[in-house]
Amino acid sequence: MNTKQKKRSRIIERIIERSLLACGLLSILTTIGIISVLLFETIAFFEEVSVFDFLTDTVWAPLSVNKRFGVLPLLSGTVLTSLIAMFMAVPLGILTAIFLSEYAPDGLRRVLKPILEILAGVPTIVYGYFALLFVTPLLQRLIPSIEGFNALSPGIVMGIMILPLVSSLSEDAMFAVPRSLRDAAYALGSSRLQVAWRVVVPAAFSGITASFVIAVSRAIGETMLVSIAAGQKANLTFNPLVAIETMTTYIVQVSLGDTPTGTLEYRTIFAVGMVLFLLTFVLNIFGDQMRQRFRERYE
Amino acid sequence: MISKTQLKTILNRQKWNDRIFRVVAAIGVLIALITLGALLIDALIDGVPRLGWKFLTSFPSRKPAEAGIFSALVGSVYLIILTALIGVPIGVGAAIYLEEYTNQSSRISRIIEVNVANLAGVPSIIYGLLGLGLFVRAMGLDRSLLAGALTLALLVLPIIIISAREAIRSVPSTIREAAYALGASRWQTISDHVLPMAFPGILTGVILAVSRAIGETAPLITIGALTYIAFLPTDVGDPFTALPIQIFNWVSRPQKGFHINAAAGIVVLLAVTLLLNALAIFLRNRYQKQYS
């Protein structure tokens with residue numbers, strides 16, 4: 001190879017490296033993009049509505065004549081559906097994880113794990129259909145007073161939806177508990193149940209907690225399920241039998257109409273999006289840290 | 001000291017507790033599986049009778065019996081192709097940079113890594129707001145196919161980066177050293193040896209990303225994708241609809257006929273996403289065995 005060729009190939013290598021770096025930096029630009037778009041419109045929103053009203057007013061009525069901008073009813077709707085989902089997903093998820101990691105024979109485990117994974121890939125719109133047209137009619141037969149749109153039905157279905165997330169992350173954490181801890185407990189005469197609850201679960205505790213935190217974050221950001229089945233009525237209540245509205249549903253509700261740029265109505269969805277982003281961001285960071293902790297200890 | 005009989009009762013009780021718990025745990029797993037099974041069967045029972053060639057090739061209509069998913073299906077296919085064309089090169093490029101060009105503990109690599117992990121947890125509707133503010137309004141792309149594809153590409157980028165990194169990392173370093181020893185440059189080593197070996201793993205990630213993008217509804221609604229479109233997009237600047245949006249539209253209507261249409265649309269959507277997911281899991285398991 002002569003010097004000229006060498007020089008050319010060195011330049012090509014440089015160009016390739018630079019373009020690959022640009023690809024990596026694009027992911028950072030995405031984050032910056034999200035934050036700046038949200039900030040830009042949120043700041044404009046707060047020029048017209050005071051932060052204090054936004055956080056403390058108990059009525060959310062941005063589309064009516066008497067406009068009120070209290071985010072609490074939307075927040076309560078989000079918290080309510082997420083809570084119901086966690087009531088379902090935490091016990092079932094832990095049981096599934098313990099069953100898979102401590103009880104299930106190898107063959108069954110190999111079948112169950114991919115099934116749970118595949119089901120985690122079901123689009124959320126499908127769960128929405130299921131909540132509105134299968135679970136709600138079922139609930140109406142059991143509880144006649146329940147409304148056609150309610151928090152209970154999407155909450156339950158959301159619990160089933162995030163269950164694979166809880167069980168697979170918890171199972172990973174339990175799997176990382178060293179064999180020697182289990183063997184020591186068995187040698188002392190523990191039953192399988194005792195090993196599971198008194199050794200494996202406490203040892204995997206931070207990983208299990210991380211799975212809950214990440215599941216909560218997923219539940220808070222869930223959109224289609226609640227848009228379809230929970231209703232569009234901003235309602236400061238913790239009654240699971242009546243229609244409510246979550247933060248995500250509100251964004252969908254406004255997006256379905258044709259909202260002109262620059263109006264206060266257009267900006268509300270960014271302000272609500274900002275609250276949603278901050279909530280999930282804090283939860284994700286917290287969850288990731290918990291997960292790192294169990295990895296550091298045992299790997 | 002406890003007596004022999006006491007010990008026996010304790011052990012006996014433990015054994016029973018253990019058995020009872022095993023049954024309880026199995027019931028827990030069953031509840032989950034049965035619910036998920038009910039979901040699938042419910043959609044199948046409602047939707048399959050409605051399926052047919054006419055349903056796949058008709059435009060939406062005000063009469064439920066005449067409506068079909070043609071424009072939604074074509075819109076989804078275009079959208080996914082565009083999303084993959086934009087997202088895959090960028091995602092794989094970022095993964096190559098992180099694995100092959102930087103030190104794992106370098107500052108830039110750590111920042112990108114934390115950033116990607118955070119992006120993976122951002123709710124999809126927030127990406128919709130980004131798309132609305134940036135692509136639709138600021139860049140003036142309007143509610144076009146391109147705006148939708150750009151939004152979805154950013155959404156699936158973390159999935160592609162994370163899985164491509166794993167695939168590249170699993171290529172043994174001896175391969176690289178052998179290539180360097182023969183005088184290959186860095187890029188030659190990567191493009192001729194590392195990438196071909198990492199290909200199945202990267203493909204798995206791409207399939208998972210595509211299957212995620214097909215089912216996404218919220219970000220497309222947020223950027224303003226239309227719910228009623230009776231023509232096919234011919235250009236990346238045209239307005240579009242997609243399968244999950246069409247399903248959402250039908251579910252939201254009160255008439256039973258539209259609910260049946262929604263179920264039939266769901267059967268199509270599920271068939272595509274579940275097949276893709278199963279394919280990805282199959283590929284991954286096969287490929288894991290090969291190297292370890």
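How many residues does helix α3 of chain B have, and how far does the helix reach from its first C-alpha to its last? The legends below begin with that helix in the predicted model.

**Figure 1. Helix α3 of chain B, residues 70–101.** The helix has 32 residues and reaches 45 Å between its first and last C-alpha atoms, close to the 46 Å expected at 1.5 Å a residue. A bend of about 25° occurs in α3(B) at B:Gly87, and within four residues a proline follows, namely B:Pro89.

Figure 2. B:Ile80 counts as partly exposed because it has 19 C-beta neighbours inside 10 Å, whereas a buried residue requires 20 or more. Neighbours within four places in sequence being set aside, B:Ile80 is in contact with B:Val210, B:Ala213 and B:Ile214. A separation of 29 Å lies between the C-alpha atoms of B:Ile80 and B:Ile111, which are 31 residues apart along the chain.

**Figure 3. Helix α10 of chain B, residues 243–251.** This helix is mostly covered, with nine of its nine residues buried. Among the buried residues of α10(B) are B:Leu243, B:Ile245, B:Phe248 and B:Trp250; B:Gln246 and B:Asn249 are also included.

**Figure 4. B:Val251 in helix α10 of chain B.** B:Val251 counts as buried because 24 C-beta neighbours lie inside 10 Å. With neighbours within four places in sequence left aside, the contacts of B:Val251 in chain A are A:Gly128, A:Tyr129, A:Leu132 and A:Ile228. In chain B, the corresponding contacts of B:Val251 are B:His259 and B:Ala262. The C-alpha atoms of B:Val251 and B:Leu79 are separated by 22 Å, and the two residues are 172 residues apart along the chain.

**Figure 5. The loop between α5 (124–138) and α6 (145–169) of chain B, with B:Asp142.** B:Asp142 has a positive phi of about 60°, although this residue is not a glycine. Most residues other than glycine have a negative phi. B:Asp142 counts as partly exposed, since 15 C-beta neighbours lie inside 10 Å.

**Figure 6. B:Ile34 in helix α1 (residues 4–47) of chain B.** B:Ile34 is partly exposed, with 13 other C-beta atoms within 10 Å; a residue with 12 or fewer would count as exposed. The C-alpha atoms of B:Ile34 and B:Val48 are separated by 20 Å, the residues being 14 apart along the chain.

**Figure 7. The contact between chain A and chain B.** Chain A supplies 65 residues to the contact, and chain B supplies 72 residues. On the side of chain A that touches chain B, helix α1 (residues 3–48) of chain A gives the most, with 19 residues. That side of chain A divides into 39 nonpolar, 20 polar and six charged residues. The model scores ipTM 0.91 and pTM 0.91.

**Figure 8. Chain A, with its twelve helices and two strands.** Along the sequence, the elements of chain A follow the pattern α-α-β-β-α-α-α-α-α-α-α-α-α-α. Chain A is more spread out than a compact globule, because its radius of gyration is 24 Å, well over the 19 Å that the globule rule gives for 299 residues. Along the principal axes, its C-alpha atoms fill a box of roughly 80 × 70 × 35 Å. Of the 299 residues of chain A, 48% count as buried. The mean pLDDT of chain A is 90, and 98% of the residues score at least 70. Within chain A, confidence is lowest in helix α4 (residues 106–120), at a mean of 82, and highest in helix α10 (residues 224–229), at 94.

**Figure 9. Chain B, with eleven helices and zero strands.** Chain B has a radius of gyration of 25 Å, well over the 19 Å that the globule rule gives for 292 residues, so this chain is more spread out than a compact globule. The C-alpha atoms of chain B fill a box of roughly 80 × 65 × 35 Å, taken along the principal axes. Buried residues account for 47% of the 292 residues in chain B. Of the contacts in chain B between residues at least 6 apart in sequence, 75% join residues at least 24 apart. Chain B has a mean pLDDT of 88, with 98% of its residues reaching 70 or more.

Key
Residues are numbered from 1 along each chain as its sequence is written. Chains are lettered from A and ligands numbered from 1 in the order in which they are written. This is a predicted model: local features need pLDDT of at least 70, side-chain atom pairs count only at pLDDT 80 or more; totals for chains, interfaces and linings use all residues. Two residues are in contact if their C-beta atoms, placed from the backbone, lie within 7 Å. Ala, Val, Leu, Ile, Met, Phe, Trp, Tyr, Cys and Pro count as nonpolar, Asp, Glu, Lys and Arg as charged, and the others, Gly among them, as polar. The radius of gyration is taken over C-alpha atoms; the globule rule is 2.2 Å times the number of residues to the power 0.38. The expected span of a helix is 1.5 Å times one less than its number of residues. The bend at a residue is the angle between axes fitted to the seven residues ending there and the seven starting there. pLDDT is the predictor's confidence in each residue, from 0 to 100.
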